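Work through the exercises below with the sequence and the 3D structure side by side. Try each task before reading its solution.

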Amino acid sequence: MKFMKLGSNPDTFQDDGNEISIVATELVSDVTVRIGTTKFYLHKFPLLSKCARFQKMIPTTGDENIEILIHDIPGGAKAFEICAKFCYGMIVTLNAYNVIAARCAAEYLEMNETVDKGNLIYKIDVFLGSSIFRSWKDSIIVLGTTKAHLPWSEDLKLVSHCIDSIASKASTDTSKVEWSYSYNRKKLPTENGLDLEWNGVKRQQSVPHDWWAEDLTDLDIDSYKQVITAIKTKGMVPKDVIGEAIKAYTYRKLPSLSKVSMVHGDAKVRAMLVTITCLLPSEKGSVSCSFLLKLLKATNLLKCGELCRKELMKRIGRQLDEASVSDLLIPTVDGETTVYDIDMILSIVEEFVRQDTKNAQKHNSGEVDVHVQAPSASMIKVAKVVDGYLAEVAKDPNTPILKFIHLAETISVNTRPVHDGLYRAIDMYLKEHPSLGKSDKKKLCSLMDCKKLSPDACAHAVQNERLPLRTVVQVLYHEQTRASAAVTIRADSICVGSYESSRSGATTNTEDEWDGVMAVEDLSLSNSKTNKLDKCETDGNAKIRSNGKVKGGATPKKAAAAHGKTTVPSKGGQCGERSSSDSSDSAILQKLELPKRTPSRSTKPAVLGDGGGAARVRRKETLGTVRCTNLETIAGP
């Protein structure tokens, strides 16, 4: 710390409680200065030689003792004592903690050059310019002391000089930083690896870009606001570094911000949160989404105002893809029935969707159809986070189904490559709301696309007693469709391999082998096999209507059981387009001849064996006929 000593005479001021007198002189005191409860027994001549204000207050003639009352001197009795000692030529030590008080008091007493050359004001200004404002830490200390001496410190431009000094040093290139600073935090992610050895020579440890952030946390919020504003104005510091500095300041002043239960605060804390929100750089990514959500949680609990809340929600919406599920769990304020504020998250998600659509339109220079356009990577991330959030709020028995559905529908179906997360959320909601009506259950299940469930999710869904029967049946249908497509692909590969072998002359396909390949192709439900499916459907219907049997004496029930699959049609491929009557589900199960709540879990498609070509062909034709018959029976009017 820088300091300056003035005067050469020994300090003869003696303090005896509320009174201070000079005892080193034989002259009797002829002036008494009272400041608050403190009295100074002084002499006219030293005061009149340095202070123009005393020249106006003390008569030069007369021997009577004069008492002067001063009640508005900046810095109070301590600052006046420094000025009085300077008048007597006594040793005075100035440093970063008392220099502002002494400078303001000297201005009050008018200790300028017109009264005496080399007066106190001049000496303090030289000390400030040559030492204090050139020191990083002293400038911060001095700025912290200016608030106690307003408006004097501001009128004398001491505040502005401190701020400019601090902002200039913070904007200095890191390669030119040679002064000491406090830094106990981790470096920014972009700075990792800068201190590694290069060609066997260890580099000199680099100065982190946010080296100044920790020292500024000692400032009050008003001074901090002025410094950050000055740093922004200079435009030399990257926005993400400013954001990191504001984050460090916030956690220093509000350590409870990182905790979930930040429910206490007064007007001072609310004002600080509002100021911090206003200071954040407007650029996307300047601060993390997690930090923004913590600020939003605090401002919501402390009721910091609608304007502040909307600004944070808008900023969060622009970078929602960085958030985690735990970040979104914002508790509701008093008076709400739900545990978490779903409406707030809904507004944030809607803002993100608007921004993502707007960016897509800019990129494509026109309109964008969300149902056709491939979703962005950020949209896919948000969809995954929203599904996780839905699973958490589903555990709350007071979560309304309409809010749940509205939030789920905010993210379009096309943005979810896999619907396992959405299925988990729906299943959790059904579990926590057992009294949900049948129509509400169907609305809930219509949110997911059964074709986008993974095999594990399908295996779970077909045995899930909480799901509507029609949803279970549609899951079975799409699972069998997927299995049949896999068999077709394998059959095509076998066909191609046999064809290449025949061309090379290595072997000759027998009639049974070609028939076997064709029988497998008949199992495909693809558009390329539509003619075969129609023929199969016609033959099967005729046989079932005549005697309820299929070729080979197998009933539809036995054939379906032998195949391990049950086929069910899906209108549009999703679970939402279904009949609303209870009898329809029972009719489907009756036609399928399945146990009411224990549908088959087998997903292993039938494949060709190694021998018995003709028998294999007949078995596959039988299964194909039964499958087509079931499809027509269920999909009928």
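**Exercise 1.** Find how many helices and strands there are in the chain, and what share of its residues count as buried.

*Solution.* In this predicted model, the chain holds 26 helices and nine strands. Turning from elements to residues, 46% of the 637 residues of the chain count as buried. The accessible surface of the chain comes to about 32,400 Å², and 52% of that surface belongs to carbon and sulfur atoms.

**Exercise 2.** Work out how the axes of helix H4 and helix H5 lie to each other, and which residues make the contact.

*Solution.* Begin with the axes: those of H4 (residues 99–108) and H5 (residues 120–130) come within 9 Å and cross at roughly 150°. Angles over 145 degrees count as roughly antiparallel, and therefore H4 is roughly antiparallel to H5. The crossing of the two helices is left-handed. Next, list the residues in contact: H4 contributes Val-99, Ala-102, Arg-103, Ala-106 and Glu-107, while H5 contributes Leu-120, Ile-121, Ile-124, Asp-125, Phe-127 and Leu-128. Sorted by class, the contact has eight nonpolar and three charged residues, with no polar ones.

Conventions
Residues are numbered from 1 along each chain as its sequence is written. This is a predicted model: local features need pLDDT of at least 70, side-chain atom pairs count only at pLDDT 80 or more; totals for chains, interfaces and linings use all residues. Side-chain values use heavy atoms; hydrogens and water are left out. Helices (H or I, at least four residues) and strands (E, at least two) are DSSP runs, numbered from the N terminus. Buried means under 20% relative accessible area, exposed over 50%, partly exposed in between (1.4 Å probe, protein chains only). Accessible areas come from the Shrake-Rupley method with a 1.4 Å probe; for residues, only the protein chains shown count as cover. Axes are lines fitted to C-alpha atoms, for helices over the stretch in contact, and angles run from 0 to 180 degrees between N-to-C directions. Angles under 35 degrees count as roughly parallel, over 145 as roughly antiparallel, 65 to 115 as roughly perpendicular and the rest as oblique. A crossing is left-handed if the near helix is turned anticlockwise from the far one by less than a right angle, and right-handed if clockwise. Contact means heavy atoms within 4.5 Å. Ala, Val, Leu, Ile, Met, Phe, Trp, Tyr, Cys and Pro count as nonpolar, Asp, Glu, Lys and Arg as charged, and the others, Gly among them, as polar.
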